[in-house]
Amino acid sequence: MGFGMRAIVRNLLAFVFMLLPPKLGLSATIAVLDPDGIAIVLVQGLLTASDATEFQKKTGPLSKAIVMFESDGGSVVAGIQIGEIIRLKNFVTLVPNETRCAAACAIAWLGGTRRLMGPGARIGFHAAYDASSGQETGVGNALVGAYLSRIGLPYSAVIYITQATPDRKSVV
């Protein structure tokens with residue numbers, strides 16, 4: 001596929017991505033598209049515990065894919081599990097132009113063997129916290145740190161990713 005065709009496909013996918021309606025209060029929308037034999041996996045909305053299983057089910061048969069994200073976060077465990085699947089399958093991750101991927105979404109995005117972001121994309125990190133109490137959780141941060149080490153990130157990245165409070169995300 002030539003450079004011009006890639007730009008057309010990328011812009012078309014970004015447009016389709018924006019049209020997917022987010023599910024309110026439910027798990028994320030996970031859809032698989034297959035233009036020209038390269039699978040595109042769209043992940044949009046808040047990640048919940050069941051999303052890792054759904055992601056595995058939909059991506060299990062795929063050998064190559066680009067995973068596109070747009071999400072404000074959700075379950076850190078789901079983000080880690082999706083990131084682990086992405087890493088094991090050697091998928092590429094992408095936050096498209098002018099979209100946002102924060103918290104658990106950003107953790108999943110880090111699983112990509114190549115991580116891409118479009119112009120104006122925002123990726124935000126913060127310490128793990130308990131949504132019901134609003135308090136930072138040491139167990140959650142330990143899980144995040146272990147995951148980041150497994151995917152080969154240095155300690156400095158672990159510190160950067162887990163130091164910001166949830167109300168003050170570190171943005172890339």
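A disulfide, as I use the word today, is a pair of cysteine sulfur atoms within 2.5 Å. With that in place, let me turn to the model itself. What we have is a predicted model, in which local features need pLDDT of at least 70 and side-chain atom pairs count only at pLDDT 80 or more, while totals for chains, interfaces and linings use all residues. Residues are numbered from 1 along each chain as its sequence is written, and side-chain values use heavy atoms, with hydrogens and water left out.

Confidence comes before anything else. By pLDDT I mean the predictor's confidence in each residue, on a scale from 0 to 100; its mean over the protein is 85, and 81% of the residues reach 70 or more. Over residues 1-6, however, the pLDDT is below 50, and beyond near neighbours in sequence this stretch has 4 contacts in the model, a contact being heavy atoms within 4.5 Å. Residues 11-24 also stay under 50, and for them the model has 23 contacts beyond four places in sequence. Where pLDDT is low, the predicted coordinates should not be read in detail.

Now the overall fold. Taking helices (H or I, at least four residues) and strands (E, at least two) as DSSP runs numbered from the N terminus, the protein has 6 helices and 8 strands, and from the N terminus on these run α-β-β-α-β-α-β-β-α-β-β-α-α-β. Among contacts with a separation of 6 or more, 61% are between residues 24 or more positions apart. I call a residue buried under 20% relative accessible area, exposed over 50%, and partly exposed in between, using a 1.4 Å probe and protein chains only; on that basis, 45% of the 172 residues are buried. The accessible surface comes to about 8,800 Å², of which 60% belongs to carbon and sulfur atoms, with areas from the Shrake-Rupley method and a 1.4 Å probe, and, for residues, only the protein chains shown counting as cover.

Let me return to the disulfide. How many does a search of the whole structure find? The search finds 1, and this disulfide joins C101 to C105 with an S to S distance of 2.0 Å. The link of C101 and C105 is left-handed, with -110° about the S-S bond. C101 is buried, at a relative accessible area of 0%, and C105 is buried as well, at 1%.

The loop between β4 (92-95) and β5 (100-102) holds T99, and E98 lies in that loop too. T99 is buried, at 4% relative accessibility, whereas E98 is exposed, at 59%. A polar atom of the T99 side chain lies 2.7 Å from the backbone oxygen of P96, and, leaving aside neighbours within four places in sequence, T99 is in contact with F69, E70, G120, A121 and R122. E98, for its part, has a positive phi, near 60°, in a residue other than glycine. N90, which is not a glycine either, has a positive phi of about 60°; N90 is found in the loop between α3 and β4 and is exposed, at 53% relative accessibility.

In α2 (residues 51-59), the buried residues are D51, A52, F55 and T59. Why do they line one face of the helix? Seen down the axis of α2, they fall within an arc of 100°, so they line one face, the arc being that of the directions from the helix axis to the C-beta atoms. T53 and K57, on the other side of α2, are exposed. The buried residues of α2 pack against β1 (29-33), β2 (39-44), β3 (65-70) and α3 (76-88).

The buried residues of α6 are A157, V158, I161 and T162. These cover an arc of only 115° around the axis, which puts them on the same side of α6, while the face turned away from that buried side carries the exposed residues Y155, S156 and I159. What do the buried residues of α6 pack against? Their partners are α4 (104-109), β7 (122-125) and α5 (138-150). Y160 also belongs to α6, which spans residues 155-163, and at 34% relative accessibility Y160 counts as partly exposed. The C-alpha atoms of Y160 and A127 are separated by 9.2 Å, the two residues being 33 apart along the chain.

Conventions
Polar contact = N/O pair within 3.5 Å; in protein donor to acceptor, adjacent residues only side chain to side chain.
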